Amino acid sequence: MLILSSAAPSTFDNILTIGLVALLALAVIIAAIRKATQNKNATETPVVAEKAAPVEAPKAPGSAGHVKLNNVEPKTAAMLMAIVADKLQKPINELRFISIKEVQ
């Protein structure tokens, strides 16, 4: 059995201590950088969420807004509006449709 003991630290012990202190300092620096970038991303997140909100498209010139559909498919309502505009020989954006209802 071999037992080594010495009262004074060896060169290897000094290098090992310096290396461990350097690794600890590097870990602290990396943690600080991560925290700084997370805080920066947290402040930017609400701005992105506000930009992602749906924006209502501008209405066409002369459009009258929404049409109330009562038991009518949107495709059928569009066809009826096109037929009325054609019969009146007017552009569809100059006509105002308030509601479309199926009559039985």
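A: Happy to! A contact here means heavy atoms within 4.5 Å. With that in hand, residues 24 or more positions apart account for 63% of the contacts with a separation of 6 or more in the protein chain. Please keep in mind that this is a predicted model.

The protein chain has two helices and two strands, and along the sequence they follow the pattern α-β-α-β. Of its 104 residues, 7% are buried. The accessible surface of the protein chain comes to about 9,700 Å², and carbon and sulfur atoms hold 64% of that area.

Now to the patch itself. F12, L16, L20, L23, L26 and I30 form a nonpolar patch on the surface, and together they have about 620 Å² of accessible area. One of these residues, L20, sits in helix α1, which covers residues 11-51. L20 has a relative accessible area of 54%, and because exposed means over 50%, L20 counts as exposed.

Most residues other than glycine have a negative phi. N71, although not a glycine, has a positive phi of about 55°; N71 lies in the loop between β1 (68-70) and α2 (74-88). Q89 is also a residue other than glycine, with a positive phi near 55°, and Q89 is found in the loop between α2 and β2 (99-101).

Conventions
Residues numbered from 1 in each chain as written. Predicted model: local features only at pLDDT ≥ 70, side-chain atom pairs only at ≥ 80, totals over all residues. Heavy atoms only, no water. Patch = residues over 30% accessible without salt bridge, like charges linked within 9 Å, V, L, I, M, F, W, Y side chains within 5 Å. Areas by Shrake-Rupley, 256 points an atom, 1.4 Å probe, with all protein chains shown as cover. Salt bridge = Lys/Arg side-chain N within 4 Å of Asp/Glu carboxyl O. Helix = DSSP H or I, 4+ residues; strand = E, 2+ residues; numbered from the N terminus. Buried < 20%, exposed > 50% of the residue type's maximum accessible area, 1.4 Å probe, protein only.
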